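I would ask you to look at the structure now, and I will then go through several of its features in turn.

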Amino acid sequence: MKLTCLTLQNFRNIEYEKIYFSDGVNILVGKNAQGKTNILEAINFCSYLKSFRSCSEQQLIMIGKEFAKIKLEYKDFSDNCVIEIKIFKTEPKQLKINGITVAKNRQFIGQFLSIVFTPDHLNLIKEGPNKRRSFLDMALCALDIKYTDALLKYQKILAQRNAVLKKSADCFENSLLLDVYDQNLAKEGAYIAYSRAKYIEKLEPFAKKIFMEMTKTDIKLKLLYINQFLKTADCCEDFETAILERLRKKRQADIIARVTQSGIQKDDILILGAGKSLKHFGSQGQIRCAVLSLILAQSKVIYDIRGDYPVIILDDILSELDRTRKAFIFKGLENTQCILSTCEAQKVKNRGNILKVSKGRII
Ligand SMILES: Nc1ncnc2c1ncn2[C@@H]1O[C@H](COP(=O)(O)OP(=O)(O)O)[C@@H](O)[C@H]1O
Ligand SMILES: [Mg+2]
């Protein structure tokens, strides 16, 4: 996928700007607080309809304006595509693909594929499991509309089940209702668990290879899908049975705790280097390499599934990497388009298409 042109209007500190991108490496250069991350945020928002800064949509609108607009032109194989997003203060946002209005987020997500890597991702391994779950969810939602549906349904049922558990500690009164919730959670949860298992299975060999090349060691990276019910499964049904069984077994405990304590909302990925948990035993350098390997591996999996590479967005991470890893980034991204930001103008000279950002403008 190749992003060719981005037009922003009232997007954060950018009042109006039309930005052209070239194939290969594009580098947004500028001092702090000029709008570099804002531009990357707008691009990535087009993929997931969610900001990687985890803020509300309305925060994207320039202060004092009524709406924000993003128009993104890109090449998908050889076709020219245009997507447009208009975000309002109070009304729902408007989405268009090639001029045609799209009613649902789920039909829009994953049209334009990009993956992002920010300094915050460096905590992916160190922090709690929800970061790692959202790493999986972002990728899977963009690749599989059925996954998005299952996740939304699951979250809704889980909230309903928890509401029932909160209201009353009387298990007999609600047992029929809980039976229904459990069956539905198991059904949607099974699709989610199965997809996560398969995705991690696909990701691992790519991540392993990239990690070895990057660290120039023979330390083997291993990814394990951690859930409460099954190590592996050949089909969705196995997960369904296992999740249901676990929900039933834990129902009494849930009633006492007044919250659902089992399910895919507790999943995690365990990342091992040479058989040891990197979270607990990895050096800072190893952890950085492992995270980068996971992100770059994600791009390979997307290529495997969709036949096209996503646009890779790297926000302000060059200063976090040493020279060999930087060189690896520039080398490893040959057949993909990459858009990155940095404050260090001298260090990226002749490395790609330089776009200077100042006060919300390209100069
Ligand atoms: N909704 C908004 N309206 C106007 N300005 C905003 C909005 N959100 C952020 N900004 C401004 O954007 C600037 C930060 O831009 P950012 O892209 O994060 O900078 P950097 O170039 O360091 O990556 C700040 O000056 C901030 O005040
Ligand atoms: Mg920034």
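I begin with a single side chain: R106 has a relative accessible area of 27%, so this residue counts as partly exposed. Please bear in mind that we are looking at a predicted model.

What does R106 meet? Its side chain forms a salt bridge with that of D149, at 2.5 Å from N to O. Because R106 belongs to helix α2, residues 105–108, and D149 to helix α4, the pair ties together parts that are 43 residues apart in sequence.

The structure holds 19 salt bridges. Another of them joins the side chains of R361 and E17, with 2.8 Å from N to O. Here strand β15 supplies R361 and strand β2 supplies E17, so parts 344 residues apart in sequence are tied together. Is each partner buried or exposed, or something in between? R361, at 46% relative accessibility, counts as partly exposed, whereas E17, at 7%, counts as buried.

There is also a network of salt bridges, which links R161, D179, D182, R251 and D254.

Let us turn to the sheets. In general, the strands of a sheet pair through backbone hydrogen bonds, either parallel or antiparallel. One open sheet has six strands in the order β2-β1-β4-β5-β6-β7, and its pairing is antiparallel. At its edges are β2 (14–20) and β7 (100–102), each of which pairs on one side only. Within this sheet, β4 (residues 67–76) and β5 (residues 79–88) are joined in the antiparallel sense by ten bridges. One example is K69, whose bridge partner in β5 is K86. Helix α1 packs on this sheet and touches β1 (2–11), β2, β4 and β5.

β8 runs parallel to β12 (residues 311–315), and four bridges join them. In this pair, I115 stands opposite I312 of β12.

Finally, consider helix α3, residues 129–143. Its 15 residues, at 1.5 Å a residue, should span 21 Å, and the end C-alpha atoms are 21 Å apart, which agrees. Its buried residues include R132, F135 and L140. Among the elements that cover them are α1 (36–48), α4 (145–167) and α5 (175–215).

Notes:
Residues are numbered from 1 along each chain as its sequence is written. Chains are lettered from A and ligands numbered from 1 in the order in which they are written. This is a predicted model: local features need pLDDT of at least 70, side-chain atom pairs count only at pLDDT 80 or more; totals for chains, interfaces and linings use all residues. Side-chain values use heavy atoms; hydrogens and water are left out. Helices (H or I, at least four residues) and strands (E, at least two) are DSSP runs, numbered from the N terminus. The expected span of a helix is 1.5 Å times one less than its number of residues. Buried means under 20% relative accessible area, exposed over 50%, partly exposed in between (1.4 Å probe, protein chains only). Contact means heavy atoms within 4.5 Å. Two strands pair if DSSP finds at least two bridges between them. Axes are lines fitted to C-alpha atoms, for helices over the stretch in contact, and angles run from 0 to 180 degrees between N-to-C directions. A salt bridge is a side-chain nitrogen of Lys or Arg within 4 Å of a carboxyl oxygen of Asp or Glu.
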